[in-house]
Amino acid sequence: MPIDLRSDTVTRPSAGMRRAMAEAEVGDDVFLDDPTVNRLEQRVAELLGLEAALYVPSGTMSNQLCLRAHSQHGDSVIAHQHAHILLYETGAPCAISGLQPRTVDTPDGTFTPQQVEALVLPGNIHHSRNRIVALENTHNRCGGAVWPLELFRNVRDRAHELGLAVHLDGARLWNACAATNTQPADWSAGLDSASVCFSKGLGAPVGSALAGCREFVENCRFYRKQFGGQMRQAGVIAAAALYALDNNLERIAEDHANAMQLAHLAGQAPGLTVGAPQSNIVMVDTNAAMPAQTLADILHNEHDVWVIAIGSNRIRAVTHLDVTAGQCQAAGLAIQQVAELLMKQGVA
Ligand SMILES: *Cc1c(COP(=O)(O)O)cnc(C)c1O
């Protein structure tokens, strides 16, 4: 059995989740007739402290629908330069919404009200229009980093004063909550839009949701059709999301403890630098002489530990509900062993 730490998207629906899916009451959601989808949307809106929610096929579609519904072509979006919406969504803000990115560069994906202010340009005939600020919590590319709640709210409030819509990419908002002992609405209430995923740490096979005020969500429903994301008896998959909220939300802190343990073990190896993970993502930096891909290949071929080389000297390991504490410990020890071997060999 491989220890698959490539992403928290690799989980498979459990027996209980499959049962909930099999038993789901369904209808045609394009006619608003699917009771399970309706229940999920209601639940998400309440959880996020926003008026309404919309179930969508993916986190990418969820984010991009929000950006589309907030803006006109030629407007701008302020975001971190390694934001998922800019880095991992195929250039969709430009391709679909015609947005010009204005980026902030910080080590942990967070930024300040002053950094937002600095990217707001005078409203005249020369500049793209100031329109959206997008925040990501936890921050994927920055190693699952968590925003400080107060800073998050300060950025939100300043952005509103500046007339900007504030969007949250909360694909892993559940992890941010577990890490800070907060509730989802502590972050999302008062935002113009928020997106959450059921297919990451919550372990559902598919699905995300966006939320906002009723009018905004109905506008997103229009664009969802334009993007081809409307679904029919989607209750079958929405049931998995509801099951995940009922059963897999409370346990997310276990993933963080497992990530910490893995990081601690890997960090003891020569030639590796491992920061303490803030949530379920562990970034392991290798020294210049040790190619990350070599480390990842040996882990895969000789230890059945699957990680991703996300840079020439960085591997990423993500914990989730389909790996146990024991497996994460084994992975940490395997990383130690392989790094020791490579250091002894002088790699190359
Ligand atoms: C995974 C992820 C998404 C959405 O991914 P999909 O694969 O489209 O569901 C969005 N934002 C962040 C930060 C993510 O990690």
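Predicted model: local features only at pLDDT ≥ 70, side-chain atom pairs only at ≥ 80, totals over all residues.
View 1. For arginine 172, the distance from a side-chain N or O atom to an oxygen atom of the ligand is 2.9 Å, and for lysine 200 it is 2.8 Å. Each is a polar contact, meaning a pair of N or O atoms within 3.5 Å. On its own the ligand would expose 390 Å², and the protein buries 84% of that (accessible areas by the Shrake-Rupley method with a 1.4 Å probe).

View 2. Among the residues around the ligand are Ser58, Asn63, His84, Glu89 and Asp169; a residue belongs here if one of its heavy atoms lies within 4 Å of the ligand. The shell divides into 1 nonpolar, 6 polar and 5 charged residues, with Gly counted as polar and Asp, Glu, Lys and Arg as charged. Which helix gives the most to this shell? Helix H3 (residues 59-70) does, with 3 residues; helices are DSSP runs (H or I) of at least four residues.

**View 3. Two domains meet.** The domain assignment, automatic or from a database, gives domain 1 (15-247) and domain 2 (251-345). Their C-alpha centres lie 29 Å apart. Here 16 residues of domain 1 are in contact with 12 residues of domain 2 (heavy atoms within 4.5 Å).

**Notes for all views.** Residues are numbered from 1 along each chain as its sequence is written. Local features need pLDDT of at least 70, side-chain atom pairs count only at pLDDT 80 or more, and totals for chains, interfaces and linings use all residues, while side-chain values use heavy atoms, leaving out hydrogens and water.

Definitions and conventions. Polar contact = N/O pair within 3.5 Å; in protein donor to acceptor, adjacent residues only side chain to side chain. Helix = DSSP H or I, 4+ residues; strand = E, 2+ residues; numbered from the N terminus.
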